[in-house]
Each structure stands twice: as structure tokens, then as C-alpha cells.
Amino acid sequence: MIGSDEETQPLIEYSSIPSRENLDDVISININTDPDFDQMVYGYRKCRWRVILTYILSILTCGIPFLVFHWCPRFLLYVTSIRCCFQLADQVLVIETYQKKCKSYYIHKIIDKHIADASGLLNEGFEDEFGGEKGPIDSADDLYTPLHLDDGTKLNVQQFRLFRHKKQYLIWDTARARWIRLAGVERGATCAQLHALAARPPCSERRLRILNIYGLNEIKVPVQTIMTLILLEVFNPFYMFQIFTIAVWIAERYYYYCIAIVLMSTFGVATSVIQTKKNQESLRATVEAYATVELWGGRRVDSRALCPGDVLVLPAHGCTMLCDAALLTGSAIVNESMLTGESVPVTKTALQRVDKEFNLKEHSSSVLFCGTKVIQTRYYSNEPVKAVVLRTGYNTCKGELVRSILYPVPADFKFDRDSYKFIFILACIALVGLGYTVALKAARSLTAGDIVLKALDIITIVVPPALPAAMTVGKLYAVSRLKQARISCLNTRAVNVSGSLDCICFDKTGTLTEDGLDMWGVVAVSSAVAPPILGRPQRDPRQMNDLHDLKIGMACCHSLTLLNGELAGDPLDLKMFESTGWRLEEPEVPERDHYEMLTPTVVRPKRPANINVDDMHMPLEVGIVSQYQFVSTLQRSSVAVRLLGEDVVRVYCKGAPEMLRTLCRPDTVPTNLNEVLSSYAEKGYRVIAMSTRIMEVTFKQLQKMKREDVECDLEFLGLVIMENRLKAATTGIIQELKEANIHVVMITGDNIHTAVSVAKECGILTSGERVVHLNVEHGTGLPHLYCESTVHGVGVGGRVSFERSWRSVDSGHGSWRSADARADAESAPDEPRYKIVMTGDTWKALREQYPNAVGRVIERGAVFARMSPDQKQQLVLDYQALGYYVGMCGDGANDCGALRAAHTGISLSELESSVAAPFTSAQPDIVCVARVLREGRAALSTSFGVFKFMIAYSLTEFFSVAFLYYFDANLTDFEFLYIDVALIVNFAFFFGMTQAHTGKLCKIPPLTSLLGIVPLVSIGGQMVLFAIAQYLAYLALSYFPWYVRHTYAGAEANMCWENYAIFATSMFQYIIMVIVFSHGSPYRRSVITNKHLMISVIIMTGLCLYITIAPPDWLADFFELKMPKDRLLSYIIIALASFNFVLSLFFERFIVEYLMEGKQMIPKFLKERRVRKTPHMMVKRQLTGVDYLTCDSVVTFDEDTKNNMFVSGSE
């Protein structure tokens, strides 16, 4: 049976199967394992003669090619392998492209696997699990082990090919010539099929086969050894350059400086290795977990031996889930804080046995996710609580979270890209210096060895060896200051990125408003009139009749439970239940006699209440029969209950009023529902609708019914009004952000009216601003969008159809005006005074039907309500596509995707879900956003300053050495040491200690491009001043009658007057540049407030004066200084340094900072070029004050902008 031809045939049939000739041509395929990336796979096969030739050439060239292959592994693939079809390939190259900008390369070996060959598993130490005596095989189904693929299909084969990419298995489907991701057993299955799968425990042979397909159930975080980390760090291109530098210096006998560099490098490597090791071990300790679990049938196994299809028996007192599993019987109370950030207990109910396709999101109320904690389980009679394993290892939800940490989205930050380009520019300058040195020394008839050493020496000077350490220090200081403000940072790189933010998105509930809700009152339907209307509000629900359906619904439509005698559950459910004055009981023995079914939860009034049933007085007790948990996509939850003594089932459903009105019978919906709903929502209240129906069904019939068949034909009961207050700090921070010209957006899952009201209250929508409601109308054809505008809540302009095209003359917005005009863009008289608000349904229709209009809509977008977690992430990506640097602040619940997608995510939850964001605040309000912005801007300004300081230092030293080379001299060993260690390393260490500016946030964010006109003019101008000062120092020396030009007397003979003049002048220039490049307001405090740096500058200035004017003989001999015969030269050098300081300070502060940065006095074509490269600036140009009133315009972009817009959000 095992080897039969039937078993090797695919389970699925295809209408057309590619021919062998076509299969042989398939050498590249697009895979879709991650929607954020464009992924291409290419097949390669190793070529023996290429491998041999590569090794021979590498040996002959001392292994240099293998060093290059270590930095770029794909080069090794290119030279040792040939591209071929996947049938012949033994390895694949996966190229991932993110937003058409960042490319990542992965190389994986292709593995040929036999489904029954589990020797690898047995070698892992699981002989006890599978190596024992084999059990009987009753039927062929016992060995039926298909491969479940991500597209919902199955493959029933004995042998298959796979490779592992980012901890996920991709299977080769020969019939369709595609690589498809391996999925869990739930993919493509119905709920009934999952129940049938767990009808009996799988035999050992089948478990062995399944485990061989999916691998061990473990989320293994790789922790590298110390030696591996050291080697990886040392083989970094920068440290390899340092090794080359040290080799050159040793050849030139610069021993002391070599020792200093070795010590600095050792410290840098050690710090990096220790931090990396600590992070890896911390992540492993957080995510790795093993335990012994019980399978149905009484067998206990190691959790790593779990495989999809196993049936778990959950203990009564809880456990930690080590896989994703669907609950089949009973119920469980779970803490899902690891995934959602909310520590409130969640009740999970058994999966219904219905013939409906299983959907992980829709049926999440029946799924126990890996990493969550089961607090306790409830069972019926003596039947155990069972769950079928769906996914294991990295396929689980926890595995996906860990994968997002191990393989983060590549960050495309302009500052980082430009820094690498600048290093390349320095390398070009170094080549120029090399040519100059070779030509000069060759003309002086130096030996070839001396020429080579001098030429290599000048290369080592241009690229500063301390640059990476100096760049890191500033960010570490910012992280330390954030830690003091109770804001933790997981990724130091995110600090600089946060300084560039110009758009910030906020969640509403728990972020802008308080977590808890207060009961305001209820509005019940008055059935005394026809048609029904909503009556007067009842502020205290306790005053309502206990027999009122609305009150019964409030008392039972929830997922609350008793933990240690205390009510626990969702805060909204808790407040609603407590307002009824009822009590909840969970009998130890299910009350089968009372309700004719197993009912673990009963609610009853605290005061006596009776109902009449068949002329008998029965106590009012409500037994909760079945629960349908809240699902964000459905926007509702419901329960099926039975009143004591009744033989019917009552359904109570609560949720969004907009959703429930579509599920209720039209004759029961109040005629004034829209009016009443708007009145409360516009005041900021959270409004929940309640409805009911009566069903004459048995418990077994109910269990077989689909949810949509239960939640239909409802009767509208009324509204429950909850009060949600703003947090104290919200309004002030929103106002500060808007004054800083930052685009502020609210993204929430709440009602649109409530969201708009809160937005007005906190200042996201300002008074007098026109609010454009973008709505969707679903007709017989495609969805149609239309706009309705209001000012102060009063409609203006009527209903306007949303047009696909948009024509408008250039309004000038987005062009580079003066600083004051540009900074005041939010309040300028000609700025369009309107903001757009919409719901998730409208957002979906906009992206599907009007994709070209997304940019101009979200440019003025302010409130996005009823947004699902996926839609939140889409919106963040679309803002990024517009050229914004986007920040996202949320409390962790349903915000993880958006927090990960944003350039900077700030979580207000300290629970495990906070790993989705680089920043986590212990203080649960948005004050942290302003603090992160300030520290980020200060860190970015510091990075710019440090980078310019280190570049200016290397170029200044390059000028000094090149100048002295002309006189056949050089700086001495200890002069190099003094400059590089006593001055540069010293200043670089204290540079970043200047704290962030404490005043208002500046309206203009810091620069992000090192290759822009401003930083290039800054560095270039300073270099000209420094070069002139050094030349004037030599010129002054040449006018003294005792001056005699230095002649070459050997490589070590550098003591000369030219050396003194250049060295003395350059000493002061290094001090000048640290003051000049230490920018203060508006991003940092004044450099004077940096006490450590100021003390260091004062001490080093005094020491430099001492060395220049009258050093003792021992000090002059130490530096090998040839002191001038006339002290007048020393005073001239000090005067030159003073003038250099004044001119440099004037140039940097007035010309660069004030005129170029502040007043934007730069060439017009450069301003226009930046506008055309930034899509949101182009959109602003087209905006007018009458948009969405006349709607007759079209935005045009240049070709580059068209190609780059919305690549992240398009599907």
C-alpha cells in the first residue's frame, strides 16, 4: 500500500498541467510568503570546475576573494554555480525587494525528503516517542499524510523537495511548477473536518510522518558562540580596513598609535559582541519554552514532539500553550497579553461542528494561540477539555512574531545611505592623495618601499578609524536619557529615525483616551408607538425592570468569568454587567436538570425577581448556553441563553449600531436611530447597540447552526452609552505636535462619530475646520464614494460625488517658501481648511476602486474609524509611500502590525506585544511621543555634528600630512597620538552629552541627507578656512629670516619648523570644529550646557596654548617639536587660530544655520527638485480650499514620483 502508484498521485487535479519542456524552462518564480516584499526565487546548480577554479584563485590571492564572498555571499553563488531549472537545482537564491528600494539576498540549499524517513528526528533524541514498538495500522487512512499548502490545496506524495526561508518551509509543487509555503492542517479545512480529524488519536507511524514534514515543535532562536561573534565582527569591512591600517602603521613604526587603535577596536568589538550575545540570550529566554504535554489517549510526550493533528488534553488549572490549537470541547480562560498587549482574561469557546471553512481570524475565539497562558479550563461532565493542534513551531502566531524580530523590515533611512556614500567619497579623496604622494615622492627619487608606505599611510588618514564608535555614542546617550524618562528602546538605530518624523498616527482607546469606560446610561426602544422609536435615556440601568430584555442582554451578553471569586474580563463588559446590579455564578456542578443542557455560567438579579411560566412563579435565572466571541471584522458578539423554566433559546447580540441595524428586522429598527446615535457619538460617547431573538431549537441543533444563522432576524432593543474620557496629557501633546507642523492622524476601531468627537476634543480637528466625511454607497454595481462636508456640525455644500480624476491649478502649497511661511503651513490663510474622515469600509473601497486618489485623500486625512488591524498597517504604509516619516503610537492591542510597519513604533503596553515596537513607554500616555521626538531630533542633530566633525578631522589631518609631504616631512608618532586620542576621541566621547532642547518642537525637522547642499557647503566651507589658516601659518614662518626649508633626511626625520607651524595650527582647528559643529537650538541645548565637553575643551585649549608658546624641553622632545627661534611666530599662530575660530563660527551659525537652513536661501532648482521627489509635497501643491465641494482636479507628478508612489500599499 505504501508504494502504490495511487498514493503518490496528487490529491488535487489540475485542468492543465505544464509539459516537461515548460517545467525545464522554469528557473525563476515569484513567491508570496510575505506581503510586504516582492520575492523572486532563482534555481542554481553547483558546477564542479567552477568550484575548483574559485578555490585555486582564492588560495593564490591569499583568501581575499573569500573575504569578499563573506561580505556578499551571492557572489560565491554566481562564480561557483550556474542558473538552471528547479528540477535540477540544488540551491536557490531568494531576492526580496522592499518598496522597490531595499534588496535582500538569501541563499538556501534544496533538500530532497522522503516522507517516511525520520532518521533526523530520531537522532534528535526522540527514540522514546517513535522508536518503540509500532502499533497496528487499521486502515490506509492511518498513513494518509498529505502536505497542506498555503493556497488551501494538498499534496499526497511520498517524496518532495523543499527549502527553508526565514524559518518557513517552501514545498516544490511539480504539477504547477511553483514553490508554495507549507501551512497548518487548518488551511482549506472546514470546522467539521477539524472535528473529524480529532475523532481518534493518530497512530505513531502517522505522527512520525507528520513530524517529519513539519519538523520539531520549537521556536529556536540561534545563539552564536563568543568566538563566532568575534570573528563575524572582526571580518566586518570596517575592522578589516583597520587591520590594514594597523599593518601600514606598524610598517612605519607608529607603534603607540597602533596600540591605541587596537585598544579602541578591542573595546568596540567586545562591546558589540557582549551586547549581541546578551540580546540573543534574552530573546531565547523569552520565546523558547518546552514542557511535557498530555495527548488524548493518556500518553504524555515532550512538547517538541507535537505535530499538527495531535489532540491535546488541557489541564483544569491551566498551562502555557506551546502550539496553535483549536478548542474542540469545553471552554478555556486565556491571557493573551503576549499577542495583544491586553492582560484581561479572554474566554475561548469550543469550535462549532459546522460545515464552514475554518478561518483563523473569524474563529479566533476558538483558537488557543502559542505563547498565551491558559488560566483555567471548564469541562462538561467527565469529558476532558480537548484541542487539536493546528500549527507548530515558527508557523504559529508566536513564531510569526519572533520571525518579525529575527528578520525585521529593512529600514531605508537617508542618513544611513548617505553616510556610506560619503565614505565612498572619502575613498576617492584618498585615491587622489595616493596619486599626489606617489607623484611627489617619485619626483624626489625616494625608494619604491618608502613611496608605497607613504602612499598607503595617506589612505589610512582619510577614513577615520573612530567613526563608527563616535556615531554610536550619541545614540547611546539618547537611549540613556529616554530610559530615565521610563521609555525603553529595543533598537538604537530607531533613535535617529524618530528625529525625522513628520506624520504620527495614534490609536484612540487606551492611547488618547482612558482604558476604562464609565457607564453613562441606556436608551431603550419604546414599543408603545409604531413604528418604534428610541425613548428617553435611563442614566441608571439598575432602575430598569429586571425583566426588560435590554437589561437581561446587558447582564448576559459578555465573556466575563470568575477568577478566584472575582469577576474578570473585558473592561467594557465588566462595566456594563456591574451597572445592572446582577450577579454571576459558575456552579461547580453543571445544572443539567434546570436547563436540559450543560451550562457553566448563570446570571441572576441580586434582588428577588420572578417570571411566570405556565402559571408558575419561577426565579429569574439566565443560563448562558453558548457564546460567540467578539470579532473585529464582524463588529459584534453574542450569546445564546435560556431562562429557567423556558423551553426556548434566546439570543442576545451586542455590537456596532451600524452593523446590528443590518441584522435586525427593519420593522424593529427605531426611526430616530441615526439622529440619536449621532447626538451621543458627537459628544464623544461610545455607543453600543443591543438586540435579541427567540429560537425554538434544542442544544444539539444550536451547536450545528452557523453563526450567521443565529445572528439574524434580530429585534432591536436599544443603545448602551459608555463614557470614554481623554487622558490628561492628550490635548497638550496633540497641540504641540500640530504647532510643530507634524501631520497628526487618528486610527481607531471605534464609531466614526465618536472618533470625530474625540478628535475635535483633543485638537486633531480644529474649531472652524471643514470636516469632509468620505462615505461609500453599495449599490448593484461597484461601490460609489461621495463626500459630505460639515462646519461646526452643520452641513455645507451638499452631497458631492467623489471623482476618480482631480484637476486643479498649482496652489503653491508644498513649494519652498520662506521659513516662516512654510512653517506656518497649518494655519496659513491660503492653506485648505478642511480635513477628511472615513470608515474602514470607505477605506477599502477607496483603495480598491480609486487607488490613484489615495494620496490626495490621506494627505488631508485626520480620522480613520472602524479600521481593522490590517487596514491600520495599510494606512501607515501608504503614508510612507507619500514620503512621510511615519510614527505610530498604540497600546499594543490590534496595533502590532502598524507599530512594526511604521518608521518608529511607540507602544504604551509593557507586555510581550511591545516587542513589535522599538520604543515602549512605562507611562501610558502620549507624553512619550514628544519626548521620543525631542531625543530623536537631538540624536539626529548629534549624529550630523559628529559625522561632520569626524570627516572634518580626517580631511584636516589629510591636508596637514599632504602639506608636510611637500617638504619631505610628516607629523610625528606622538603628534598623531595626541591629535587622534587626546583631542578627537576625547571630544567625540563628550559630543553627544548635550541634552535635547526643552522648548517647543521646531516646525522644521532636522536634515536627513548628508549629501544635501547644506551639509556639503558646511564641510566644504570649513575645510577652505582650515586650509587657508594652515597655509598662512607656513607663510608667516617663511618670512622669518632664520627660517630654512626642511630637506629629506630619512623617513623618521620629521623635526622641522614646517612641522611645528602646521601641527600647532591644526591643534586649535580640532578644538574649533568641535565647537562649530555642536549645534544647539532648536534641536539641542546650547553646547555651553554640556559641562563635560566644555571642561574638556578648556583643558585641551590650555594645553595646546602651552605646547604652542613655551613647552618644556621634555615635552618638546616628546613631540619632536622644533621650536621657533622667535616666539612671535607662536603668537601669530594663536592669532590665526583665533581668527579661524571667529570666521568658522560666523560661517556655520549665520551662513549655514541661519541663511541656508532657516531662511532656505539655496538655489531654486534644488528646492524644486526636492519638492518633486517628495509625493506629499506635490499633492499639497494641488490642494485648494474648495476641494470636495467642486471636485474637478487631477494631480500630476514627475515620472520618478509616479513610479515610487504607493508601492507599499498596492495589492
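This is a predicted model: local features need pLDDT of at least 70, side-chain atom pairs count only at pLDDT 80 or more; totals for chains, interfaces and linings use all residues.
Biologist: At what angle do helix 16 (residues 467-484) and helix 32 (residues 927-966) pack?
Modeller: Helices (H or I, at least four residues) and strands (E, at least two) are DSSP runs, numbered from the N terminus. Axes are lines fitted to C-alpha atoms, for helices over the stretch in contact, and angles run from 0 to 180 degrees between N-to-C directions. The axes of helix 16 and helix 32 lie 9 Å apart, and the packing angle is about 160°.

Biologist: Is helix 16 roughly parallel or roughly antiparallel to helix 32?
Modeller: Angles under 35 degrees count as roughly parallel, over 145 as roughly antiparallel, 65 to 115 as roughly perpendicular and the rest as oblique. With an angle of about 160°, helix 16 and helix 32 are therefore roughly antiparallel.

Biologist: How many nonpolar residues does the contact of helix 16 with helix 32 have?
Modeller: Contact means heavy atoms within 4.5 Å; among the residues making it are Leu467 and Met471 of helix 16, and Val932 and Phe947 of helix 32. Ala, Val, Leu, Ile, Met, Phe, Trp, Tyr, Cys and Pro count as nonpolar, Asp, Glu, Lys and Arg as charged, and the others, Gly among them, as polar. Three polar and three charged residues take part, and the nonpolar ones number ten.

Biologist: How many residues of helix 26 (residues 752-762) are buried?
Modeller: Buried means under 20% relative accessible area, exposed over 50%, partly exposed in between (1.4 Å probe, protein chains only). Ile752, Val756 and Cys762 are among the buried ones. Helix 26 has eleven residues and is mostly covered, with a buried count of eight.

Biologist: Does Cys62 count as buried or exposed?
Modeller: Cys62 sits in the loop between helix 2 (48-60) and helix 3 (64-71). Phi there is near 60°, positive although Cys62 isn't a glycine. Relative accessibility is 74%, so Cys62 counts as exposed.

Biologist: Which residue is joined to Ser1081 by a cis peptide bond?
Modeller: Look in the loop between helix 35 (1057-1076) and helix 36 (1091-1109). Omega is near 10° for the cis bond from Ser1081 to Pro1082.

Key:
Residues are numbered from 1 along each chain as its sequence is written. Side-chain values use heavy atoms; hydrogens and water are left out.
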